[in-house]
Amino acid sequence: MKRNPFVTNGYAGAEYFCDRVQETGTIVSLLTNQNNIALISPRRLGKTDLIRHCLQQPEIKDAYLTFEVDVYATSSLNDFVDVFGKAVLETLRPLGRKVWEGFLNMLSSLRSEITFDINGMPTWGLGLAKIANASTTLDEIFDYLQNAGMPCIVAIDEFQQILKYPDGEKVEAALRTRIQRCNNVNFIFSGSHRHLMSAMFVTPSRPFYQSVTIMNLKPIPYDKYLEFCQKKFCEAGKRLDEKTVEVLYARFQSVTMYMQKVLNILFTMTPVGGACTVDMIDEAVEMLLNMASDGYDTILNQMPEKQRNLFLAISAEGRACNISGGLFVRKYRLLSSSSVLSAAKGLLEKDFITQDKGVYYTYDLLFVEWMKMKRII
Ligand SMILES: Nc1ncnc2c1ncn2[C@@H]1O[C@H](COP(=O)(O)OP(=O)(O)OP(=O)(O)O)[C@@H](O)[C@H]1O
Ligand SMILES: [Mg+2]
């Protein structure tokens with residue numbers, strides 16, 4: 001059976017990947033000319049998939065060792081070293097014993113902690129307590145990459161997370177020093193917090209200043225997305241009205257993930273030989289929201305009350321400016337400016353809302369749709 005062409009859970013190959021031709025060209029060219037890159041965009045626009053797509057291009061795939069490290073769930077240098085080491089081992093493992101042994105031999109600070117499965121394959125099962133000296137292990141990983149015998153590319157996803165570590169500034173400096181020394185490796189740092197990410201790379205006093213080319217990823221252009229969607233329907237013997245894509249693109253503010261999710265359902269709803277029309281969107285969205293309903297319900301219930309009230313206010317407003325100003329506070333019957341500011345801090349930290357130049361909005365557009373459906377806002 002052929003798979004649903006609207007993929008919603010990660011990169012599935014060039015065939016299912018829409019456009020990004022220009023961005024891919026730029027990234028591949030920068031990397032193959034020894035430049036480091038910071039890739040920045042709001043959430044769910046397609047950074048992670050774009051990086052995967054770039055790493056799959058023959059100029060990179062055939063000439064580099066590539067490593068993907070997602071540091072979203074890390075909260076210390078120990079965690080960072082843990083996911084980094086694990087990512088390196090995972091890439092090397094399929095390349096044969098000689099290759100992964102080369103890496104393990106470098107890890108003298110950890111050797112006894114790596115376990116082997118029944119096939120003699122190594123597993124990174126360290127757990128954090130086992131990394132006694134994170135900065136030594138980090139040195140060893142960098143030493144390995146520097147001498148890997150092939151040029152390397154390391155993609156660090158959600159890089160701004162390092163700023164949340166208790167000793168974030170020190171980690172930032174320590175990483176920068178190692179990266180600078182390691183000329184066999186180029187890096188892509190990606191992240192969704194524009195202000196945190198750009199501050200790291202454009203502030204003269206910060207370690208990463210001027211060390212990367214910054215790319216701000218934009219939404220996939222409407223005409224490119226339309227062409228992609230219609231082609232996928234057509235290949236399956238189905239038709240897709242242009243109006244459907246137009247309405248979807250506007251409703252989900254051109255955010256790739258939500259459009260893909262709805263199209264995935266619309267594709268299933270459309271019979272072979274039939275057409276997908278604009279009136280089908282509501283039903284598809286409702287199906288999606290019903291699937292997510294329990295999750296949203298729990299999240300909302302678990303939010304501290306002040307945060308929940310502000311979250312509802314911002315979600316109802318759409319794009320909220322001056323949230324601590326009297327007008328906004330009164331309109332949504334919030335307690336006071338100062339309580340709004342502290343609630344906003346909590347919501348930002350947990351990624352429920354996002355902020356750009358003083359304008360706040362809820363980043364999960366499906367969550368907003370769900371609250372509207374339930375008449376919570
Ligand atoms: N060019 C594309 N064509 C088709 N689908 C895409 C494309 N880019 C991303 N997607 C899909 O959109 C969703 C979001 O993409 P991705 O996870 O790469 O975004 P992200 O910017 O890394 O998000 P986050 O900030 O949450 O990490 C995924 O399900 C992915 O499969
Ligand atoms: Mg991502």
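## A three-stranded sheet

Two strands count as paired if DSSP finds at least two bridges between them. In this predicted model, an open sheet of three strands meets that definition, with the order E10-E12-E11 and antiparallel pairing. Strand E10 (320–321) and strand E11 (353–356) are the edge strands, since each pairs on one side only. In general, strands of a sheet pair through backbone hydrogen bonds, either parallel or antiparallel.

E11 is joined to strand E12 (residues 359–362) by four bridges, and the two run antiparallel. Across this pairing, Thr 354 stands opposite Tyr 361 in E12. The hairpin of E11 and E12 has two residues between the strands, and in this hairpin Lys 357 takes a positive phi near 50°. E10 pairs with E12 over two bridges, also in the antiparallel sense. Here Ala 320 stands opposite Tyr 360 in E12. The two faces of E12 can be told apart: Tyr 360 and Thr 362 make up the covered face, while Val 359 and Tyr 361 make up the uncovered one.

## Domains

The chain is divided into domain 1 (20–216), domain 2 (237–287) and domain 3 (303–373). Taken over C-alpha atoms, the centres of domain 2 and domain 3 are separated by 29 Å. The two domains touch: six residues of domain 2 are in contact with four residues of domain 3. The side of domain 2 that touches domain 3 has four nonpolar residues, one polar and one charged.

## The shell around ligand 1

There are 21 residues around ligand 1, and Cys 18, Gly 46, Lys 47, Thr 48 and Asp 49 come nearest. By class, the residues of this shell divide into six nonpolar, nine polar and six charged.

Which domains supply at least three residues each to the shell around ligand 1? Domain 1 (20–216) and domain 2 (237–287) both do. Among helices, H2 (47–55) and H11 (256–269) each supply at least two residues of the shell.

## Helix H10

Helix H10 (residues 242–251) has three buried residues named Thr 244, Val 245 and Leu 248. Seen down the axis of H10, these buried residues fall within an arc of 90°, so they line one face of the helix. The face of H10 turned away from the buried side carries the exposed residues Glu 242 and Ala 250.

## Ile 220

Ile 220 has its place in the loop between strand E7 (213–216) and H9. Is Ile 220 buried or exposed? A residue is buried if 20 or more other C-beta atoms lie within 10 Å of its own. Ile 220 has 21 other C-beta atoms within 10 Å, so it is buried.

Leaving aside its neighbours within four places in sequence, Ile 220 is in contact with Cys 18, Asp 19, Tyr 225 and Thr 256. One of these, Cys 18, is also among the residues that come nearest to ligand 1. Ile 220 and Tyr 249 are 29 residues apart along the chain, and their C-alpha atoms are separated by 9.9 Å.

How values were computed
Residues numbered from 1 in each chain as written. Chains lettered and ligands numbered in written order. Predicted model: local features only at pLDDT ≥ 70, side-chain atom pairs only at ≥ 80, totals over all residues. Near = placed C-beta within 6 Å. Nonpolar A, V, L, I, M, F, W, Y, C, P; charged D, E, K, R; others polar. Domains from an automatic or database assignment. Buried ≥ 20, exposed ≤ 12 C-beta atoms within 10 Å, placed from the backbone. Arc of directions from axis to C-beta. Contact = placed C-beta atoms within 7 Å.
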